[in-house]
Amino acid sequence: MAAKLDGLVQTPLAFSVFDGPCNGDYHEYMRAKPAVKRRVFVQTDSGSVLDMELDRNDNVHTIKRRLQLALNVPTDESSLTFGDLTLNNDLSAIRNDSPLLLSRKSIHRSSSTPCLSPGVENLQERDQSGPIEILGCSNHFDRTAELVQDIVKAINNGVDPIPVNGGLGGAYYFRNSRGESVAIVKPTDEEPLAPNNPKGFVGKALGRPGLKRSVRVGETGYREVAAYLLDYDHFANVPPTLLVKVTHSVFNVNNGVNGNKLRNREKVSKIASLQQFIPHDFDASDHGTSSFPVAEIHRIGMLDIRIFNTDRHAGNLLVRKLGGIGGFGKVELIPIDHGLCLPESLEDPYFEWIHWPQASVPFSEDELEYIKNLDPIHDSEMLRKELPMIREACLRVLILCTIFLKEAAAFGLCLAEIGEMMSREFHHQEEEPSELEFICLEAKDLVSEGELSFFGADGGDADEIQFDIDCEAGEVDLVLKMSEDMSDKVFGSESANGQILLPKVEENFEESEVKMDKAQVGAGRVGLRPKQEWAQTASRLSLYLKKVNLDGRSYQFNGGKSKDYYRITRSANEQLPTSTSYVNLADMNEEEWALFIEKFKELLYPAFAKRRAQTIRQRQRLGTSCRF
C-alpha cells in the first residue's frame with residue numbers, strides 16, 4: 001500500500017445500501033466483464049464496513065461519494081485498493097462480493113477529535129442485510145452453508161456469541177440454538193495491531209505491516225481461507241473456513257487512536273473469517289507428541305511447507321481422542337490458525353514439528369503421490385479466482401514453496417530435512433538466510449547478471465575462493481562426488497520400467513533409493529544437461545552457500561547445522577526484532593519470474609545433495625539408537 005497511515009481515527013459503523021443476492025458468477029481475474037449488478041464491501045482503514053450495489057456505469061468516484069455521505073469520512077486524500085490493485089476509476093476488475101479497502105494518504109485529526117457518524121436511527125433504517133453474509137459463492141463453501149444457517153437461527157433466537165479470552169486478537173465463539181459452539185469468527189479489524197483490537201494491541205491502520213512485516217494488518221483472514229482452499233480432499237484436516245460479513249453488537253469498537261472502548265454498543269458489521277469449531281480434548285502442547293500418528297504430522301507438515309507457515313506451534317494443533325473399537329490411545333490432529341501463512345516475502349518460518357521424530361520418517365508412497373500431483377500454477381489460479389484480493393507476492397511464495405516440496409520429496413528428503421532447509425539459523429548471534437533463501441538469491445543473480453556475481457574477476461576474490469576450496473576440500477569433494485554419482489544415474493541409467501533412478505545413498509543402518517519420472521526430468525527439473533555442467537553447478541552452488549554479501553555484511557554459511565548439533569530456533573511466542581527480508585519475489589516481472597523459476601529448479605539438486613550428506617554425517621555421529 002502506498003498510503004501512509006499512522007493511526008486510527010473513527011468509530012466503525014456499518015451500513016447496507018441494499019440487500020442484493022449473490023449471483024455466483026466467477027470471471028477471470030483482471031479480464032472480467034462486469035455484471036449488470038455487483039455488490040462490493042468497502043472497508044475503511046479504521047474498520048468501518050459499507051456494502052453497496054454497483055451499476056455498470058459506477059466508478060471509483062461513485063464509491064467514494066457514497067462512503068462520504070454514509071460514513072462522513074473524508075475521501076479527497078484517499079485511495080481505493082483491491083489487493084495489489086489501486087483503483088483509479090475503472091471497476092471492471094472488481095468481482096461480485098469483493099472486499100475493497102479505502103485508505104487515507106494522510107491523517108490530520110488528533111486522538112481527541114470526535115468521529116462523525118450518522119445517527120443510529122438512520123443506520124437502523126438503512127441496514128437491511130442479514131446477520132451473516134458469505135463473501136463469494138464458491139462451491140467450496142457448500143458444506144458450511146448449513147452451519148451459517150444454524151448460527152443465524154440462533155442469533156435470531158437470542159443466542160449471542162461469546163468472546164474468546166485467549167490470543168492477541170479479537171475472536172468470538174458463535175453458537176447454534178442449543179448453545180453449542182459451532183464456529184469461531186475473527187474480525188479483520190480486531191487482529192493484533194488493528195484499529196479495534198479488544199486486548200490493547202492497537203496502533204496501525206488496515207493495510208499496514210503487522211506483527212509480521214510480510215503480513216499486513218487486516219489480511220490474516222484471507223490467509224485462513226486460503227489454507228482451507230489449498231487443503232485438497234481435506235488431506236491435512238483444516239476445518240472449513242470462509243470469509244463473511246457479520247453484523248452483531250458483540251464486536252469490539254474502539255473510540256479513536258487511543259484504543260478506548262465505546263460503552264454504548266450498537267450493532268456493527270465486520271468482515272471476518274468464519275471457521276467451523278471442531279470439538280477437541282486439548283492441543284498438542286498439552287500432550288506428548290511422540291504418540292501422534294506419523295501420517296498426520298506429515299500431512300500437516302506438507303501443508304505448512306506449501307503455504308510457508310510462519311507460526312506452526314503446538315498450540316495451534318488441536319488433538320481429539322478417537323473412541324470406539326480400536327480407537328483406544330489413538331488421536332486425530334486438527335491444524336488451525338493459518339493467518340500468518342503465505343507472507344509477501346520469504347522470512348523465517350516456524351515449524352515446531354521439525355524436532356518431532358515423525359518428521360524424520362520418509363514419506364509414504366501415498367504421500368509421495370499426493371505431492372507429485374500438486375500443481376502450483378493451478379493452486380495460484382484457484383486462489384486468484386476464489387480470493388481475488390490476495391496479493392501476487394503471496395501467490396509467488398506459494399508457487400516457489402510447492403516446487404521446493406515437490407523437488408525435495410522426489411529427491412528423497414524427509415519432512416524434517418525440507419523444513420530445516422527453509423528455516424534460518426543463528427550463528428554468533430547473527431541471523432543467517434536459510435538454504436532456501438540462498439538458492440533464491442543465487443537464482444536471482446543468474447537472472448539479473450547471467451552468471452554468479454560471486455565469481456568476479458577481482459584477483460583478491462579469486463585467491464579467497466581458492467583458499468576456501470583448499471580449506472573445505474573434503475566437503476566440496478563430497479558434494480561433487482554425490483553430484484557425479486547422481487548425474488551418472490540421471491543421464492546414464494534407466495530402470496526397466498522407464499524410471500530414472502536418482503542417487504542411492506549407502507549407510508550402515510539403512511538404504512535410501514529415490515525414483516524420478518523420466519518425463520518430469522524433461523519437463524523442467526534439472527533438464528538433460530551434460531554431466532560436467534551439472535557437477536559444475538553443484539560446485540559453484542556449494543561455494544556460494546559459504547559466502548554471500550547481504551546488506552553490507554558477509555555471511556559465512558556452512559549449508560546446514562552449526563557445529564553445535566542442536567540449532568538455535570525461534571519460539572513462536574518469543575518477542576524478537578523484526579525479521580530481515582533477504583529475498584523479494586515481487587520485484588520481478590513475468591519474464592524474469594519465469595526465468596527465475598527455471599534457474600531455481602536447476603540449483604535445487606546440488607543443494608539437496610549437500611543436505612543429504614550433512615544428514616548422513618549427523619546420523620553417524622548420533623548412532624543408530626535414535627531411530628524412530
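Glu417 is buried, its relative accessible area being 3%; buried here means under 20%, exposed over 50% and partly exposed in between, with a 1.4 Å probe and protein chains only. Glu417 also makes a salt bridge with Arg612, where the closest N and O atoms are 3.4 Å apart. This is a predicted model, so local features need pLDDT of at least 70 and side-chain atom pairs count only at pLDDT 80 or more, while totals for chains, interfaces and linings use all residues. Residues are numbered from 1 along each chain as its sequence is written, and side-chain values use heavy atoms, leaving out hydrogens and water.

**Salt bridges**

- A salt bridge here is a side-chain nitrogen of Lys or Arg within 4 Å of a carboxyl oxygen of Asp or Glu.
- By this rule the count comes to 27 salt bridges.
- Back to Glu417 and Arg612: their closest N and O atoms are 3.4 Å apart, and because Glu417 lies in helix H9 and Arg612 in helix H15 (residues 590-622), the pair ties together parts that are 195 residues apart in sequence.
- Arg612 counts as buried too, at 6% relative accessibility.
- Helices (H or I, at least four residues) and strands (E, at least two) are DSSP runs, numbered from the N terminus.
- Lys444 pairs with Asp587 in a salt bridge whose closest N and O atoms are 3.0 Å apart. The two sit in distant parts of the chain, 143 residues apart, with Lys444 in helix H10 (residues 435-449) and Asp587 in the loop between strand S23 (553-556) and H15.
- Arg216 forms a salt bridge with Glu344, the closest N and O atoms lying 2.7 Å apart. This one links distant parts of the chain as well: Arg216 is in the loop between S10 and H4, Glu344 is in the loop between strand S17 (331-335) and H6, and 128 residues separate them.
- Both Arg216 and Glu344 are buried.
- Those two also belong to a network of salt bridges that links Asp84, Arg216, Glu219, Arg223, Glu344 and Arg391.

**Helix packing around H5**

- Axes are lines fitted to C-alpha atoms, for helices over the stretch in contact, and angles run from 0 to 180 degrees between N-to-C directions.
- Helix H5 (residues 294-307) and helix H9 (residues 415-422) have axes that come within 10 Å and cross at roughly 25 degrees. That makes H5 roughly parallel to H9 (under 35 degrees counts as roughly parallel, over 145 as roughly antiparallel, 65 to 115 as roughly perpendicular, the rest as oblique).
- The H5 and H9 crossing is left-handed, meaning the near helix is turned anticlockwise from the far one by less than a right angle; clockwise would be right-handed.
- H5 also packs with helix H6 (residues 365-372) at an angle of about 20 degrees, their axes 11 Å apart. H5 is therefore roughly parallel to H6.
- H5 passes H6 in a right-handed crossing.
- H9 is mostly covered, with eight of its eight residues buried; among them are Leu415, Ile418, Met421 and Met422.

**Pairs across the chain**

- Lys372 lies in helix H6 and counts as partly exposed at 39% relative accessibility.
- Leu398 sits in helix H8 (residues 392-411) and is buried, at a relative accessible area of 0%.
- Leu398 and Asp379 are 19 residues apart in sequence, and 8.2 Å apart in space, C-alpha to C-alpha.

- Asp97 is not a glycine, yet has a positive phi of about 65 degrees. It lies in the loop between strand S5 (85-87) and strand S6 (98-104).
- Asp97 is buried, with a relative accessible area of 3%.
- Asp337 has a positive phi as well, about 60 degrees, although not a glycine. Asp337 is in the loop between S17 and H6 and counts as partly exposed at 28% relative accessibility.
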